[in-house]
Amino acid sequence: MKKVVESKFKRYLGWFFKLSLVGLVIFTVLMAYLDAKVRDKFEGKRWALPAKVFARPMELYSGLALKPKYLIQELEQIGYQRVPNVQTPGQYMVDGNEIDIYRRYVRLYDGEEVAARIHIRFDSAVISGLWVDGVPTEIARLEPLLIGGIYPKHNEDRLLIQLEDAPDLLLKTLVGVEDRDFYDHWGISPKGIARALMVNVQKGGLVQGGSTLTQQLVKNFFLTRERSLQRKAVEALMALLVEFHYDKDEILEAYLNEVYLGQSGRRAIHGFGLASQFYFGKHIKNLSAPEIATLVGMVKGPSVYNPKRKPENAMARRNVVLGVMQGQSLITPYEYKAWSMRELDVVQYTQYQRIEYPAFLDLVRRQLRSDYQEQDLTSEGLRIYTSLDPIIQRSAEQAVKKRLEDIERDFRLEKNGLQGAMVVASTESGEVEAVVGDRNPRYFGFNRALDAKRSIGSLAKPAVYLTALRGDQYNFVTPIDDAPIKVAGANGQVWEPQNYDHKSHGIVPLYQAMAKSLNQATARLGLNVGLSNVVSTFSDLGVERKLPAYPSIVLGAFELSPFNVAQMYQTIAASGFKTPLKAIRAVTTSKGDLLSRYGYEVKQTIKTEPAYLIQKAMQQVVKMGTARFLNSQFDKNLNLAGKTGTSDSQRDSWFTGFSGDKLAVVWVGRDDNKTMPITGAGGALRIWAHTFKDLPLKPLFPLPTENIVEHWVDVETGAISQENCPGVMKFPFINGKTPVQTTDCQSKPGKAWWSKLFGE
Amino acid sequence: MKYILLLSVVFLSACSTPVYHPTAILSSEVFDELPNWYDDRLGLQLQGNNHYPSGAHGSLLQQADQAFSQNNLQNCQIYLERAQRIATRDAGIYVRLSYLYWLQEKSSQALQTARRALSVVGQDELAKQEIQRLIEAIQKN
């Protein structure tokens with residue numbers, strides 16, 4: 001009997017030994033796995049740093065047309081503080097027509113700008129004097145506005161800090177509130193757990209966690225938010241491993257950068273470095289004690305204690321933290337009392353509380369794709385310098401929003417049914433300065449500026465007229481027949497375009513046919529010059545998609561996005577020199593080393609002379625054609641050029657216009673492609689006007705060459721006449737393509753047909 | 001002859017990194033083909049004895065030329081592009097840019113930019129001739 005018991009005992013002992021051995025092996029493997037995971041994370045790149053995207057740095061110089069209010073707007077956006085007396089970088093003051101700025105140090109892709117006092121004198125809306133540190137200067141730059149980031153999928157954003165950047169008071173408060181045994185435990189704190197257990201039992205629920213800072217860090221780094229015993233066990237093991245490998249300072253620094261501290265739209269605010277900028281507009285070094293208390297208080301519940309969204313909760317929590325600070329003699333009772341009464345002093349508008357420009361960022365991202373992998377953009381902390389002009393962008397956003405609301409109100413349309421998009425670019429450099437992709441400019445979704453392919457209607461016509469002017473047969477006064485026209489298609493269908501007013505205007509000179517956007521005359525002209533030639537012109541202008549040589553393309557019965565249209569018209573606005581539209585100037589590493597630059601590129605695709613003529617024709621569109629509304633809104637000396645466009649059944653309202661320096665394309669329509677009660681002139685043109693009415697534009701002077709000659713022409717006959725003769729107008733011609741006929745003064749008295757037609 | 005000598009000095013001092021140079025540029029007949037940069041209104045004003053336009057864009061041109069003389073072609077181009085944003089139709093900017101592209105053996109871009117210079121130069125016949133000579137020099141190489 002005894003032997004049987006002994007034998008059983010031995011067998012159980014054997015099993016126990018074997019099981020223990022297996023358990024030990026499993027535990028060792030698990031620990032090895034967790035250890036590798038911990039070390040990999042800590043010794044590799046701990047955080048994916050999103051690329052930061054910057055607007056253009058504002059250049060200030062004498063002679064720059066700039067309203068002081070826009071400079072102030074820019075300063076506010078880049079986080080400058082208006083003060084009565086400028087004393088430190090990041091401040092500015094306004095004194096009558098003078099503005100004094102203490103510029104912060106800024107490193108840009110092409111060098112650095114040191115911290116300096118910039119003094120600007122305005123003469124009405126023009127800078128008349130500029131001084132840097134008291135010395136008269138030709139040019140100075142401000143730091144660029146941070147306009148967004150290219151985030152990883154989890155949208156985490158952070159500003160990395162080092163432990164020595166954090167104020168001692170912050171570290172002590174954080175440890176005091178979250179883990180007062182931090183410097184004594186090995187990753188898990190039995191005392192902390194016991195304390196939490198007691199509090200939870202007393203309160204009858206889960207009100208306090210027993211997690212150490214190390215455990216919290218492990219949870220954020222490696223684990224999910226799941227509440228289970230298994231996860232807690234893994235968390236504890238990993239916390240022990242972290243403590244085994246790394247010292248307390250390393251762990252604390254990682255925690256300061258990792259902790260989640262709220263949300264700004266899609267962007268998750270992580271780390272005290274970014275949180276101090278985001279909530280208080282300050283570098284972490286400069287946080288005050290109550291601000292430290294607010295941020296430390298948020299760790300417990302970033303949403304519940306968010307000082308921007310729930311200030312009452314945040315203030316109560318801040319005061320609890322201040323109480324802990326006082327209890328640990330970090331602050332005096334007097335300070336506790338005084339600071340408990342204080343407002344939160346959260347800033348509403350800082351560089352880091354930024355307005356994002358989703359449509360523009362979308363363009364940036366797409367243009368970077370050819371050179372960078374998505375992972376590099378979302379994790380390497382690259383700095384991307386763009387050409388966005390926040391002043392123009394804001395004006396464009398407001399114009400789109402306001403005009404669409406006005407149209408919906410005036411025509412009693414359903415609210416928010418209309419949509420709009422806009423692209424603004426520099427005519428010469430091809431730099432994109434603003435993009436609106438939705439009437440809600442903060443919407444991260446369908447980007448109509450890039451992706452809404454819509455029928456361009458009459459915006460195609462300049463390409464038809466340009467084709468004619470590139471050839472040998474046509475000049476500005478060549479008569480075109482604006483009469484009914486029918487073209488049979490291959491499938492038996494008949495294409496029979498109508499004019500907007502459902503009338504035919506008979507014989508009209510070429511320039512008038514374009515200025516009045518006559519469909520029948522344009523259709524006839526397009527067929528006469530040859531559809532393949534028209535297609536070639538579109539291609540030369542920068543339309544990349546292959547267009548079918550159908551008759552209807554001459555009236556724009558094909559789809560392009562506003563961005564495509566902007567490229568097409570940039571070539572015209574730059575006198576036939578195509579410059580690929582680009583949004584990026586340069587990319588640097590997070591440390592500022594230049595990785596790539598996107599410089600000026602140009603290619604002449606249209607000869608200067610026909611480009612000159614088409615610019616003149618587009619000026620006529622503004623002067624006396626469908627875009628003459630601009631005459632009432634802008635100084636006539638700007639000599640603006642433009643073209644309205646309305647697609648079939650008024651489904652799309654377009655306008656493109658340019659000055660000597662800016663080009664903008666506007667589209668208005670509905671996503672469901674239903675008709676609208678507005679034309680190009682009634683919708684898109686008004687948005688263009690609203691965008692630029694308060695912004696400085698340079699006048700447009702088309703560039704003639706020695707091959708351009710001017711003649712007085714009798715507009716009724718199209719014959720060369722003389723100045724002072726009745727019914728004559730001066731026209732430019734390409735040398736060798738002038739009218740053959742001549743006429744004298746006496747034979748043609750009275751008003752010309754164009755005067756009768758237009759009443760001028 | 002004086003101009004050619006000056007030009008030689010400029011090139012030897014400013015373009016000391018052979019990697020950027022089209023090999024042909026160093027031969028003497030190419031110097032003969034080069035435009036006379038010392039025109040008052042155009043050209044690489046490296047010696048400081050030329051007339052820079054007043055104001056911000058003149059200042060940037062001067063800095064561009066300094067960068068060029070230090071063989072910092074990248075910064076030179078950046079200054080020129082900043083100047084271009086201010087004075088979009090200054091032919092001198094495009095001439096310099098063209099020349100930079102040429103030195104970097106981007107002949108096609110050099111040619112197109114020189115054509116742009118020609119299109120914005122206006123009625124200045126001397127300047128036109130200078131740019132035309134630049135275009136011909138680029139085309140020959």
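Start by selecting helix 10 (residues 311-327) and helix 11 (residues 333-340) of chain A, whose axes come within 9 Å and cross at roughly 175° in this predicted model. Because angles over 145 degrees count as roughly antiparallel, helix 10 and helix 11 of chain A are described as roughly antiparallel to each other. To see where they meet, show A:N319, A:L322, A:G323 and A:Q326 in helix 10 of chain A, together with A:P333, A:Y336, A:W339 and A:S340 in helix 11 of chain A. The residues of this contact divide into 4 nonpolar, 4 polar and no charged.

Next, turn to the largest nonpolar core, which has 180 residues, and select A:L60, A:M422, A:V423, A:L510 and A:V666, the members that touch the most others. Helix 5 (residues 91-103) of chain B provides the largest share of this core, 10 residues. Domain 2 (63-137) and domain 3 (708-758) of chain A both give residues to the core, so it lies between them. Centre the view on A:V423 and, leaving aside its neighbours within four places in sequence, look for its contacts, among them A:V432, A:V435, A:P562 and A:F563. A second, separate core of 46 residues can be found by selecting members including A:I188, A:L213, A:M238 and A:I284.

Finally, colour the two chains separately and look at where they touch, with 21 residues of chain B in contact with 20 residues of chain A. On the chain B side, the elements that give two or more residues are helix 3 (56-69), helix 4 (73-86) and helix 6 (107-120), and helix 4 of chain B gives the most, with 8 residues. The residues on this side of chain B divide into 6 nonpolar, 10 polar and 5 charged.

Technical notes: Residues numbered from 1 in each chain as written. Chains lettered and ligands numbered in written order. Predicted model: local features only at pLDDT ≥ 70, side-chain atom pairs only at ≥ 80, totals over all residues. Contact = placed C-beta atoms within 7 Å. Helix = DSSP H or I, 4+ residues; strand = E, 2+ residues; numbered from the N terminus. Nonpolar A, V, L, I, M, F, W, Y, C, P; charged D, E, K, R; others polar. Core = buried A, V, L, I, M, F, W, Y, C linked by C-beta atoms within 7 Å. Buried ≥ 20, exposed ≤ 12 C-beta atoms within 10 Å, placed from the backbone. Domains from an automatic or database assignment. Axes fitted to C-alpha atoms, helices over the stretch in contact; angles between N-to-C directions. Parallel < 35°, antiparallel > 145°, perpendicular 65-115°, else oblique.
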